[in-house]
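Trainee: I would like to learn how to read a protein model, one feature at a time. Could you guide me through it?

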Amino acid sequence: HLLSRLTRTATSNARIAFERAVELDPNYAPGYVGLGRADLVAVHHGWTPDPAGTLRRAEARARKAVAIDEFNPAAQVLLGRIHARLGEYDRAVETLRHALKLNPSDPETYAGLGDALLWSGEIDEARQMLEIATRLDPRLPSQELFHLGAAYFLLGQYASAAQVFERAVAREDGNPFMHAMLAAIYAKAGRREAAMREVAEVRRQNPLFDIDTFGTLFRNPAHRDKIVAALQQAGM
């Protein structure tokens, strides 16, 4: 519950609860999964001064959970997400496909596989997986909506992309990355004034927003280039 809030304080409190869980039972795999997920959230939102070290710590916790229970799909999903974040795209997709076999009805697994496919360049399959995830759980975290919206954008489905990001912003106002993608979408749709408003919102929320590092997880440079070009068109 705390981790799903996606705030720095709530994530810190979630970490304390997960640490207490593994203290009570050192062989409780979900406790290590929770700790690894808290690390991953901190890296994603820039809440750690050492993202590389935090990511490696998350990987160690994922491997600990898998060692305790190799049939735990959440542990496999965490490990797959970390592989993707490290740029190990093929390992990420393989691990997440394995997790899907363990539990073919888990929305988080579909979302994780969608994320990995998005970054690896399989955009349409990523869209399919993420759509399944949102059907299984309409309250998926905004991070997953970001990935679905990005897939729509890269496929040229700008109206669908706008709907997804507008929905995400309505749920979690305060994320400059969401507003950046909206700026790109509005620019591509010819909605210049709306795009400029989103650019202003990005700068208000994060004056240090850096277009040169946005989207660097994409394996295919053309995918990042498409987003960057639209951001520049929006005035970023």
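**A loop and its neighbouring helices**

Mentor: Happy to! Let us start with Gly 215, which sits in the loop between α11 and α12; helices here are DSSP runs of H or I with at least four residues, strands are runs of E with at least two, and both are numbered from the N terminus. This is a predicted model, in which local features need pLDDT of at least 70, side-chain atom pairs count only at pLDDT 80 or more, and totals for chains, interfaces and linings use all residues. Residues are numbered from 1 along each chain as its sequence is written, and side-chain values use heavy atoms, leaving out hydrogens and water.

Trainee: Is Gly 215 buried or exposed?

Mentor: Buried means under 20% relative accessible area, exposed means over 50%, and partly exposed is in between (1.4 Å probe, protein chains only). Gly 215 has a relative accessible area of 16%, so it is buried. Its C-alpha atom is 8.3 Å from that of Val 228, which is 13 residues away along the chain.

Trainee: How do I check the span of helix α10?

Mentor: The expected span is 1.5 Å times one less than the number of residues. Helix α10 covers residues 176-188, so its 13 residues should span 18 Å, and the 19 Å between its end C-alpha atoms agrees with that. At its start, a side-chain oxygen of Asn 175 comes within 2.9 Å of the backbone nitrogen of Phe 177. After the helix comes Gly 190, with a positive phi near 80 degrees.

Trainee: How many residues of α10 are buried, and what do they pack against?

Mentor: In α10, 11 of the 13 residues are buried, including Met 178, Leu 182 and Tyr 186. For packing, look for contacts, meaning heavy atoms within 4.5 Å. The buried residues of α10 pack against α8 (142-154), α9 (158-171), α11 (192-205) and α12 (221-234).

Trainee: Which residues of α11 are buried?

Mentor: First, the general idea: an α-helix has 3.6 residues a turn, so residues three or four places apart point the same way. In α11 the buried residues are Ala 194, Ala 195, Glu 198, Val 199, Glu 201 and Val 202. They cover an arc of only 160 degrees around the axis, which puts them on the same side of α11; the arc is taken from the directions from the helix axis to the C-beta atoms. On the other side of α11, Glu 193, Arg 197 and Arg 204 are exposed. The cover over the buried residues of α11 includes α10 and α12.

Trainee: How many aromatic pairs does the structure hold?

Mentor: Rings of Phe, Tyr and Trp (its six-membered ring) pair if their centres lie within 6.5 Å; planes under 30 degrees apart are stacked, over 60 edge-to-face, and the rest tilted. The structure holds six aromatic pairs. One of them is the stacked pair of Phe 177 and Phe 214, 6.0 Å centre to centre with 5 degrees between the planes. This pair links distant parts of the chain, 37 residues apart: Phe 177 is in helix α10, and Phe 214 is in the loop between α11 and α12. The rings of Phe 209 and Phe 214 have centres 5.4 Å apart and planes at 55 degrees, so that pair is tilted.

Trainee: Which residues form one aromatic cluster?

Mentor: Phe 177, Phe 209 and Phe 214 do. Phe 177 is partly exposed, with a relative accessible area of 29%, while Phe 209 and Phe 214 are buried.

Key
Polar contact = N/O pair within 3.5 Å; in protein donor to acceptor, adjacent residues only side chain to side chain.
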